[in-house]
Structure formats: structure tokens, C-alpha cells
Amino acid sequence: MSENNYLELTVGAVLVYNFVLSRFLGICPFIGVSKKIKTALGMAGALVFVMTLSSFITAVIYHYVLRAQTMFGVAVNLGFLQILLFIVVIASLVQIVEVMLQKLSPGLYRALGIYLPLITTNCAVLGVASLNAKAARGIWPSTVFGFFSGLGVALALILFSSIRERLELSAIPRPFQGLSIALVTAGILAMAFVGFSGLC
Amino acid sequence: MTTFLAAVAVTALIALVLGVVIGVAARIFRVKSDARVELVIELLPGANCGGCGFAGCADFAKALVEGKTTPSRCAVSSQGTVAAIASALGVSAGDGFRQTAVVLCGGDRNQIHNNALYNGVADCVSAALIGGGFKGCEYGCLGMGSCARACPFGAIEIVNNLAIVHAELCVGCGKCVATCPRKLIRLVPAGSKVHVYCSSPRKGAEKRKVCDAGCIGCRKCQKLAPEVFEVAGTLAHVKYDHDHPADPALVEQVGCPTDALLTAEQHLKIEHETPEGRQKK
């Protein structure tokens, strides 16, 4: 992955390497809050927001702490702190943003409110940070990748919840009702996204 | 050793900075919230049914504290909960009485003749849109379960294409009333046990053609107990009275010829009987 391959960072993140349907990250909100489009939209908004923000902040941490050759005048290699620092930083960042939103934008807070703390340590959020670190992306490409990965999750969530709202009204054989038809649907949806492979 | 020390130092430093920032942010961006709102939210049932007319329990609690409404508006709370909220806020409970929903149709698959086969979207609103619905009676319950899906308490069950309300689960929030495309669901005082399970204003003979359980307007009930029953045109209703609910024994005494007049318990049992079983002896 070249650092400046923006096609891969944008279209690739949304369609080809979709976080939910190709990488199988963030399955929990994908199944959990996809029963209604309204809740799916709230969760999608929160995910785009948190994934963009955490990509930026973890890229900063990665470049200035984890990759630093020297610290306090001694030679160090702190790469092994990656997961620990990422989780701590993402969780506290979301906490700060939540506190600020509550005061500055009560409307947005009500829309994202309950979803924000739910996903602070979601695997999709940590996954985007780890993928950025693994590819050693710069701060700006990381942020772009985070934003578009979030959009990819949002797309999957909204598509899936729309299908589930339809399923609610169709005559489904009894053994398939509920979660089983949802999982079958998710599989078929993922197969559809495989069709994008090779695009970039 | 240097790596170890550096790791501890870096982690501690980042944690310290984040902690301080969160602390400062919480101080700067503190939202003044009324402690009483939290208290009332604790006391409320948390069903978020919207039966009070507000968007969920938190909104209702806010309105309560601001004095815009009264605790008894909550249909889900028991008398004790309402009293507890009223005393916690130092306001009067307000007048209100418990209600329960009733589906005023007794025509399940065995009683009403269908005039079409419907294979569309399994939803009453969609079914009612196509040619006035597939049931022979255009005032009959379609039995696709729109009300059952709307009920936050699972109090409505669909049996043999007929919605029935389990009164012990119903809290009277009224969500189902809004969903029924045929307006068959009514909120009635919670104590009432006797209902006329028919909503069709058509003539008796027309109803008999399509349904075995429709009210034919024979006035038998009105003659026996005019203070309880009233027949308007060809449809009888119960005059619901919160303080003096009709005596369930009246159903037996009246002996409705079509069994449109039933107690709530009998309505629940319709599905267990065959068409023959429901015929008059």
C-alpha cells in the first residue's frame, strides 16, 4: 500500500475492503443496532465520527511516541505499547468529545449520545488504528482512511438495516425468523461486496 | 531497563495528561442538570412507551419537574409509583385512570369469510390499502399484527387472523390504537370486562352474510340492561363507566344471539373453539 494511493484509501475503504463485510470487524453494532434505520443512522454517524477522530489521534501517537527512536535522551523502541496506548487514548478522547458535545451541541449529543460510549473500544475503531499503524501511514492519509472506513461501516449498516426493515414485513418460514435470517442476509450482502475485489 | 522505564514513563505521562484534560473538560463543559430529573427517571418504569405523549421516560421526567404534566399521565406506573413520584416532587398526582386496550372485532378466520387471497406484505396497513382489504367485512380485524408489533409490552397476540389483547399485560399506552388502519382498537377503563366485539355499522343482514360473530342490532342487550348497553343503528356498544364497570354475568343473562357480546376472557378463548363450538346451542 503506497502512502499516497488515495483511491485505495477512499473507494477501497468503502467498497473493496469494507470493514464489516470484507474484514469482518465491527460485527457487534452491525447485528445489534440494525433492526431499525433510525438507530442504524445514529450508530453510523457515531462510527464515522469516532473512527475519523481516533485515526487522527492514533496516527499522531504512532508517529511521535511508538516510532520514536529516542525518548528522554535514551534509545527506546516502544512499539509494543501500541494496543494499550491506542485503547486508552481513543476511550479518553471519546469521553472528552462526549462531554463537550453535551454542552456545545445538545442536538448532536442526543442523536449520537448513547452510541458514542458504546463504541469507544469497538473492534472496528481499534482495527482502523491498527491497520494504519501496520501500513505506517502518515497522519493525513490515516485520517482520510479512518473517515472513509467509517463511511464503509455506515454504508453496510444502513443497507443492512433497510433490508431488515423489509424482512420484518415478509412471510419468513418459522425456523428462519429473527436472527437466523439476519445472518443469512448478512452473508449474502458480504458476497455482493466481494464483487468489488480487484477494483483497487 | 531503559525501555521498561521509558514505557512506564510514557504511559503514565499520557494517562496523566488525558486524565487532566478530561477533568478540566468536565469542569468547563459541565451541564447544569436538575437532580430531581434523575430521581424521577429512577422512579419511572423506564418502558419508554410514549403513552404519556412525551418522547420517552426521560422527556416525561423533565416535563414533570417543570410542572408541565402530572405523574398519573404515566400509564405504566402503578398507583404506588405515581404516589412516590408525586410525593418526591411535592405535587398532586393528578387525576387519571388506568385504561386498557380492546380490539372491537370478534371475527377470526372461522367467523369472517375472506373474499380474497392476500399474499402481499404482512402488515395491516398494506393489506387495507388493496381493494379495501381481503376480509369480507370491511370493519373486521385484518389480523396481520400491526398492533402487535407496535405494542411495547407484547400484550397483543394474533390468533387465527384476529388480534386479541391480554389485559393483564396491557398498560393502556395507546400505541396500538394509532396503528390500526380500521380503528378497531379502543382504550376503555381498565376495569371493564364486557365488550361488544363488533365495529361494523352495516345492516344486520349484510353482516350476517360475511360474519358469524357480528352484532345484528337485535336490542336484546339494551332491553335487559339499558343503563349498560346502547344500540345505535344496528350496532350495540357498552356505555363504559370507570366507577361502575358492567357485571360480567350480564353476558350470560343477555345471551347474545351472535356472540358479539363477550367478556374479555371469552374473547381470548375464541381461538380454542371450532366454528361449531361457537354456534348457539
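How many helices and strands are there in chain A? That is a handy place to start, and the points below go on from there.

1. Chain A has nine helices and two strands. Keep in mind throughout that this is a predicted model. Going along the sequence, the elements of chain A come in the order α-α-α-β-β-α-α-α-α-α-α. As for burial, 48% of the 200 residues in chain A count as buried.

2. Next, the core. The largest nonpolar core has 41 residues, and the members touching the most others are L21(A), F30(A), L47(A) and M51(A). The top contributor is α3(A), with eight residues.

3. On to charge pairs. Over all chains, the structure holds four salt bridges. As a reminder, side chains of opposite charge can pair when their charged atoms come close. Three of these pairs in chain B get a look in the next points, with their places in the chain and their accessibilities.

4. One of the pairs is D123(B) with R149(B), where the closest N and O atoms sit 3.0 Å apart. D123(B) is in the loop between β1 (99–103) and α5 (124–129) of chain B while R149(B) belongs to helix α6 (residues 146–150), so this bridge ties together parts 26 residues apart in sequence. Are the two partners buried or exposed? D123(B) counts as buried because its relative accessibility is 12%, and the cut-off for buried is under 20%. R149(B), at 38% relative accessibility, is partly exposed.

5. Another pair is E138(B) and R202(B), with 2.5 Å between the closest N and O atoms. This one links distant parts of the chain, 64 residues apart: E138(B) lies in the loop between α5 and α6 of chain B, and R202(B) in the loop between β5 (194–196) and α8 (204–210) of chain B. Both partners count as partly exposed, E138(B) at 32% relative accessibility and R202(B) at 34%.

6. R202(B) also has a salt bridge with E206(B), at 3.0 Å from N to O. E206(B) has a relative accessible area of 36%, so this residue is partly exposed. Through shared partners, the salt bridges join E138(B), R202(B) and E206(B) into one network.

7. With a relative accessibility of 52%, R30(B) counts as exposed, because the cut-off for exposed is over 50%.

8. Finally, there is a nonpolar surface patch of about 420 Å², made by F72(A), V74(A), L13(B), V17(B) and V21(B). The biggest share of the nonpolar patch comes from α1(B), which gives three residues. V21(B) is in helix α1 of chain B. At 37% relative accessibility, V21(B) counts as partly exposed.

Technical notes
Residues numbered from 1 in each chain as written. Chains lettered and ligands numbered in written order. Predicted model: local features only at pLDDT ≥ 70, side-chain atom pairs only at ≥ 80, totals over all residues. Heavy atoms only, no water. Buried < 20%, exposed > 50% of the residue type's maximum accessible area, 1.4 Å probe, protein only. Salt bridge = Lys/Arg side-chain N within 4 Å of Asp/Glu carboxyl O. Helix = DSSP H or I, 4+ residues; strand = E, 2+ residues; numbered from the N terminus. Core = buried A, V, L, I, M, F, W, Y, C linked by side-chain atoms within 4.5 Å. Patch = residues over 30% accessible without salt bridge, like charges linked within 9 Å, V, L, I, M, F, W, Y side chains within 5 Å. Areas by Shrake-Rupley, 256 points an atom, 1.4 Å probe, with all protein chains shown as cover.
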